[in-house]
Amino acid sequence: MAESAIVSRHLRPLWALPGSELGVVGWPATKRERVFGSWHYWWQAHLIDCATDAANRVPTPVRRKRIAALARSHRIRNLTGWTNRYYDDMAWLAIALERAERTQGTDVRSALVALEKKLFAGWEPQTGGGVPWRVGSDYFNAPANGPVGIALLRLGRIQRAQETADWLDETLRDPETGLIFDGIHLPSGEIERPVFSYCQGVVLGLETELAVQTGEARHTDRVHRLLAAVEEHMTTDGVVHGGGGGDGGLFNGVMARYLAVVAVMLPGEDRQQVADRRAAAAIVRASATAAWANRLEVEGEPLFGYDWGKPAKLPGGSAGAGSFTAGGSVTSSQVPERDLSVQLSGWLLMEAAHLVSAAGL
């Protein structure tokens with residue numbers, strides 16, 4: 001139902017091109033949104049990832065065709081090919097397309113070659129960092145380095161992924177709470193101290209997959225420590241806190257995705273690893289139960305709230321749409337529920353809950 005709601009409310013042909021499909025970023029949409037004047041590269045990457053989730057859950061020709069159409073339309077709308085100046089954007093797209101290719105056979109090899117080249121070359125140890133947020137920036141953050149690490153790991157660059165994980169742990173982990181800070185300015189060393197759910201999610205995912213690939217205990221130990229910090233500081237009764245609209249609408253969904261990765265992939269049969277898998281699954285299930293209970297039903301389809309613990313609100317129309325900040329991020333709509341990001345998070349959460357439930361967790 002979460003999939004169906006996004007397909008009916010948000011998916012439209014790009015510029016009336018045959019066989020194209022892209023996500024309209026608001027519902028109800030402004031004229032600018034309807035013609036893809038605003039389209040938000042990284043939101044579309046998560047749309048591709050969710051479409052791949054659905055095809056993996058129940059493979060159908062329609063779902064496989066949708067993934068290919070979304071990928072092709074992404075390249076066309078981006079105007080400059082597959083890449084842009086933001087390392088976080090490119091990493092999210094690489095993750096989505098690699099999964100689409102690996103699990104559904106989507107023909108995106110040229111995209112992955114271009115994206116891998118950019119992501120691998122972005123590493124800046126001479127400055128003291130991993131990869132910056134965007135080309136030429138002095139800001140090196142978890143939302144770029146986490147997904148870059150995951151993308152490169154899945155593309156076979158295990159050593160670089162491990163270096164990225166080590167850099168994140170050494171540079172951005174809060175020694176008091178154990179959570180991952182947003183980022184650091186280099187070479188000045190000034191740390192931006194907000195803690196966002198997706199920063200925790202990508203580090204959990206990267207460390208889990210490194211534990212699988214390398215068998216090294218430090219990765220399993222970091223998952224254990226960070227998962228405990230997330231439980232303590234970012235959930236109540238197992239439900240992930242808060243949320244937002246705009247770019248923030250995707251943060252909790254990203255964390256849910258990678259909590260599900262911990263639940264189904266974390267290796268080891270010691271008591272600690274078994275407990276960690278169950279704990280990660282429990283957060284996903286509790287959050288999904290809350291989000292579903294608090295949804296609105298609009299014409300028979302769910303509308304998810306930006307905060308899974310509170311009842312969803314119906315957008316009154318297209319007024320109050322979000323906009324770009326000078327820094328390049330997207331602000332929330334006046335009613336966050338109108339943002340595609342918020343609804344993608346809901347879909348993402350439901351797919352994550354299906355995954356852990358199907359695994360018997």
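I call a residue buried when its relative accessible area is under 20%, exposed when it is over 50%, and partly exposed in between, using a 1.4 Å probe and protein chains only. By that rule V131, at 1% relative accessibility, goes down as buried.

**Ground rules.** The model is predicted, so I take local features only at pLDDT of at least 70 and side-chain atom pairs only at pLDDT 80 or more, while totals for chains, interfaces and linings use all residues. I number residues from 1 along each chain as its sequence is written, and side-chain values use heavy atoms, with hydrogens and water left out.

**V131.** I looked up where V131 sits: the loop between α6 (109–121) and β3 (139–141). Helices here are DSSP runs of H or I with at least four residues, strands are runs of E with at least two, and both are numbered from the N terminus. Contact means heavy atoms within 4.5 Å. Not counting residues up to four places away in sequence, V131 touches Y87, L119, G122, W123, F140, N141, A144, N145 and V148. I also noted that V131 and A121, ten residues apart in sequence, have their C-alpha atoms 8.7 Å apart.

**Helix pairs.** I fitted axes as lines to C-alpha atoms, for helices over the stretch in contact, and took angles from 0 to 180 degrees between N-to-C directions. The axes of α3 (residues 41–57) and α13 (residues 340–358) come within 10 Å and cross at roughly 30°. The two helices are therefore roughly parallel; the classes are under 35 degrees for roughly parallel, over 145 for roughly antiparallel, 65 to 115 for roughly perpendicular, and oblique for the rest. The crossing of α3 and α13 is left-handed, meaning that the near helix is turned anticlockwise from the far one by less than a right angle; clockwise would be right-handed. On the α3 side I list W43, Q44, H46, L47, C50, A51, D53, A54 and R57, which meet L340, S341, L344, W347, L348, E351 and H354 of α13.

Next I checked α4 (residues 61–78) against α5. Their axes come within 11 Å and cross at roughly 145°, again in a left-handed crossing. R64, I67, A71 and H74 of α4 make the contact with L93, L97, A100 and Q104 of α5.

**Salt bridges.** Side chains of opposite charge can pair when their charged atoms come close. I count a salt bridge when a side-chain nitrogen of Lys or Arg is within 4 Å of a carboxyl oxygen of Asp or Glu. The whole structure gives 25 of them.

- D53 and R99 form one, with the closest N and O atoms 2.8 Å apart. D53 is in α3 and R99 in α5, so this pair ties together parts 46 residues apart in sequence. D53 is buried at 10% relative accessibility, and R99 is buried at 13%.
- R277 and E269 form another, at 3.3 Å between the closest N and O atoms. R277 is buried at 12%, whereas E269 is exposed at 66%.
- E297 and R295 meet at 2.7 Å, N to O. E297 is partly exposed at 37%, as is R295 at 25%.
- D166, D169, R173, E207, E216, R218, R222 and R225 are linked in a network of salt bridges.

**D89.** D89 belongs to α5 (residues 87–104). Leaving aside neighbours within four places in sequence, D89 contacts Y41, W42 and N84.

**Backbone checks.** Most residues other than glycine have a negative phi, and most peptide bonds are trans. I noted these exceptions.

- W27 and P28 are joined by a cis peptide bond with omega about -5°; P28 is in the loop between β2 (22–23) and α2 (31–34).
- The bond from L186 to P187 is cis, with omega near 10°; P187 is in the loop between β4 (183–185) and β5 (191–192).
- A16 has a positive phi near 60°. A16 lies in the loop between β1 (11–12) and β2 and is exposed at 69% relative accessibility.
- F36 also has a positive phi, near 60°. F36 lies in the loop between α2 and α3 and is buried, with a relative accessible area of 1%.
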